[in-house]
Amino acid sequence: MALRSAAALVSGPRGLCRLFSTSPISSFIPPSIASTETPKREMAEPSTNLFVSGLSKRTTTEGLREAFSKFGEVVQARVVTDRVNGYSKGFGFVRYATLEDAAEGIKGMDGKFLDGWVIFAEYARPRPTTPPPENNTYSPYGNNMSNPYGRQ
């Protein structure tokens with residue numbers, strides 16, 4: 001019985017719409033393409049230091065230097081690695097001698113394959129400046145931080 005009533009609903013025009021909605025007319029309006037775009041991050045100021053992401057775990061500092069040296073004089077290349085196991089964290093930095101070489105490095109390597117992975121190159125952003133930690137005397141284990149052995 002239930003199958004027959006479901007088949008009767010689906011068989012007519014806009015049948016699926018009636019089957020899955022409570023109103024006789026579909027109220028679904030697809031979002032516009034403009035509203036679904038993700039906001040892009042601001043471009044960093046051009047510098048000789050590039051941030052490279054999407055690196056394989058197999059990528060080494062030497063391999064990164066070799067790949068980027070095709071586009072200019074590489075002063076320094078570094079793959080950031082995990083301290084415990086030594087594997088790549090998937091990103092690194094390349095420093096060129098000139099801004100022109102850095103721009104060529106981005107143009108030549110952004111979106112290209114390195115060790116089987118698509119990598120992304122962009123100008124590195126400077127680290128945000130954080131104030132040095134104040135000499136706080138707060139301790140969750142007690143308030144006496146002046147004496148390392150506790151109260152005496």
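A: Here is a walk through the sheet, its helices, its core and a few side chains.

A word on the basis comes first. This is a predicted model, in which local features need pLDDT of at least 70 and side-chain atom pairs count only at pLDDT 80 or more, while totals for chains, interfaces and linings use all residues. Residues are numbered from 1 along each chain as its sequence is written, and side-chain values use heavy atoms, with hydrogens and water left out.

Let us start with the sheet. It is open and has four strands in the order β2-β3-β1-β6, with antiparallel pairing. Helices (H or I, at least four residues) and strands (E, at least two) are DSSP runs, numbered from the N terminus, and two strands pair if DSSP finds at least two bridges between them. Because β2 and β6 stand at the edges with a single partner strand each, one side of each has no neighbour in the sheet. On average, neighbouring strands are turned by 20° against each other, direction ignored. Looking at one pairing, β1 and β6 run antiparallel and are joined by four bridges. Val52 has Ala121 in β6 as its bridge partner.

Now for the helices. α4 packs on the sheet and touches β1, β2, β3 and β6, and its direction makes about 140° with that of β2. α5 lies across β1, β3 and β6, running at about 150° to β6. Contact here means heavy atoms within 4.5 Å; axes are lines fitted to C-alpha atoms, for helices over the stretch in contact, and angles run from 0 to 180 degrees between N-to-C directions.

Next comes the core. A nonpolar core is a set of buried Ala, Val, Leu, Ile, Met, Phe, Trp, Tyr and Cys residues joined through side-chain atoms within 4.5 Å. Buried means under 20% relative accessible area, exposed over 50%, and partly exposed in between (1.4 Å probe, protein chains only). The largest nonpolar core holds 19 residues, of which Leu64, Phe68 and Val94 touch the most other members. At least two residues of this core come from each of β1 (49–53), α4 (61–68), β2 (74–81), β3 (88–96), α5 (99–109) and β6 (120–123). Leaving aside residues up to four places away in sequence, Val94 touches Thr48, Asn49, Leu50, Val52, Leu64, Phe68, Val74, Gln76 and Ala77.

Thr59 deserves a stop too: its place is in the loop between β1 and α4. Thr59 counts as buried because its relative accessibility is 4%. Its side chain joins that of Asp115 through a polar contact of 2.8 Å (a pair of N or O atoms within 3.5 Å; within protein, one must be able to donate a hydrogen and the other to accept it, and residues adjacent in sequence count only if both atoms are side-chain atoms).

Finally, look at the aromatic rings. Phe51, Phe91 and Phe93 form one aromatic cluster. Rings of Phe, Tyr and Trp (its six-membered ring) pair if their centres lie within 6.5 Å; planes under 30 degrees apart count as stacked, over 60 as edge-to-face and the rest as tilted. The structure holds three aromatic pairs. One of them is the tilted pair of Phe51 and Phe91, at 5.8 Å centre to centre and 40° between the planes.
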